[in-house]
Amino acid sequence: MPSYSKFRERNEAAVRSLTKPRNIVVRARPGKPTQGLLSWGGAVFPCALGRGGIRAIKREGDGGTPLASMPMLYGWFRHGRLATTRSALPLRQIKARDGWCDAPGDRNYNRPVALPYPASSEAMTRGDRLYDCCVVLDYNIRPRRRGMGSAIFFHIAKPGFQPTEGCVAVAPHVMKRLLPHLSKKTVLTVLR
């Protein structure tokens with residue numbers, strides 16, 4: 001019996017889609033602009049967004065989550081705080097001197113720095129769980145524009161999905177589920 005070309009093409013496309021990296025899509029939760037719904041692989045999870053909601057034009061300090069498609073670059077993790085660090089995404093353990101510069105006028109704006117740092121910067125070793133796993137998103141990194149937002153990460157959410165400073169944050173069990181599937185080919189897309 002001959003194979004029908006339209007079925008063969010459809011089947012080949014289905015096989016190709018299974019081998020492609022799955023992207024993550026985030027949309028605002030209806031009626032809650034500081035919370036979102038994260039879709040991945042047919043599942044939907046709650047997430048926290050920036051205190052400024054989703055912003056088409058992001059500025060430093062506005063608390064907005066950028067309306068953008070952001071490839072995942074690499075991740076950081078706190079030793080002994082995660083159930084798994086298995087991932088195709090490059091992961092690095094956070095050390096006491098690791099920080100991130102958020103001073104728009106500094107030459108290392110929106111870059112990792114060693115603490116103590118003379119300009120405004122954030123310590124990656126936080127007292128809370130937020131950076132137990134922290135994935136750096138390619139937002140305002142390549143190319144970098146001063147004042148257009150820094151430290152846009154995908155990380156662990158505060159209890160109750162309280163607003164972030166512009167990042168996308170999920171529950172620890174969701175991060176555990178997603179981490180093994182993340183790679184440098186994964187793109188996190190924030191839509192309205």
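View 1. Asp 132 has a relative accessible area of 0%, so it counts as buried (under 20%, with exposed meaning over 50% and partly exposed in between; 1.4 Å probe, protein chains only). This is a predicted model, where local features need pLDDT of at least 70 and side-chain atom pairs pLDDT 80 or more, while totals for chains, interfaces and linings use all residues. Residues are numbered from 1 along each chain as its sequence is written, and side-chain values use heavy atoms, with hydrogens and water left out. The partner here is Arg 81, at 3.1 Å from N to O; a salt bridge needs a side-chain nitrogen of Lys or Arg within 4 Å of a carboxyl oxygen of Asp or Glu. Asp 132 sits in the loop between β10 and β11 and Arg 81 in the loop between β6 and β7 (91–93), so the bridge ties together parts 51 residues apart in sequence. Arg 81 itself is partly exposed, at 31% relative accessibility.

**View 2. Trp 100, Tyr 131 and Phe 153, a cluster of linked rings.** Ring pairs join these three residues; rings of Phe, Tyr and Trp (its six-membered ring) pair if their centres lie within 6.5 Å, with planes under 30 degrees apart called stacked, over 60 edge-to-face and the rest tilted. The count comes to 3 aromatic pairs. Phe 153 is buried at 0% relative accessible area, and Tyr 131 is buried at 3%.

**View 3. Arg 126, over a ring and in a salt bridge.** Arg 126 lies over the face of Tyr 131, 5.1 Å from the ring centre; the rule asks for NZ of Lys or CZ of Arg within 6 Å of the centre and within 35 degrees of the ring normal. Its side chain also meets that of Asp 128 in a salt bridge of 2.9 Å, N to O. Arg 126 is partly exposed at 23%, and so is Asp 128 at 27%.

**View 4. Strand β1 and its two partners.** Strand β1 (residues 24–29) runs parallel to β14 (residues 187–191), with 4 bridges between them; pairing takes at least two DSSP bridges. Ile 24 stands opposite Leu 188 in β14. Strand β2 (residues 32–40) runs antiparallel to β1, joined by 5 bridges, and Arg 27 has Leu 37 as its bridge partner there. In the hairpin of β1 and β2, with 2 residues between the strands, Gly 31 takes a positive phi near 80°.

**View 5. Leu 38 and the nonpolar cores.** The largest nonpolar core has 30 residues, and Leu 38, Phe 154 and Leu 188 have the most contacts inside it. Such a core is a set of buried Ala, Val, Leu, Ile, Met, Phe, Trp, Tyr and Cys residues joined through side-chain atoms within 4.5 Å. Leaving aside neighbours within four places in sequence, Leu 38 is in contact (heavy atoms within 4.5 Å) with residues including Ile 24, Phe 45, Phe 154 and Leu 178. A second, separate core of 13 residues includes Trp 100, Tyr 131, Val 136 and Phe 153.
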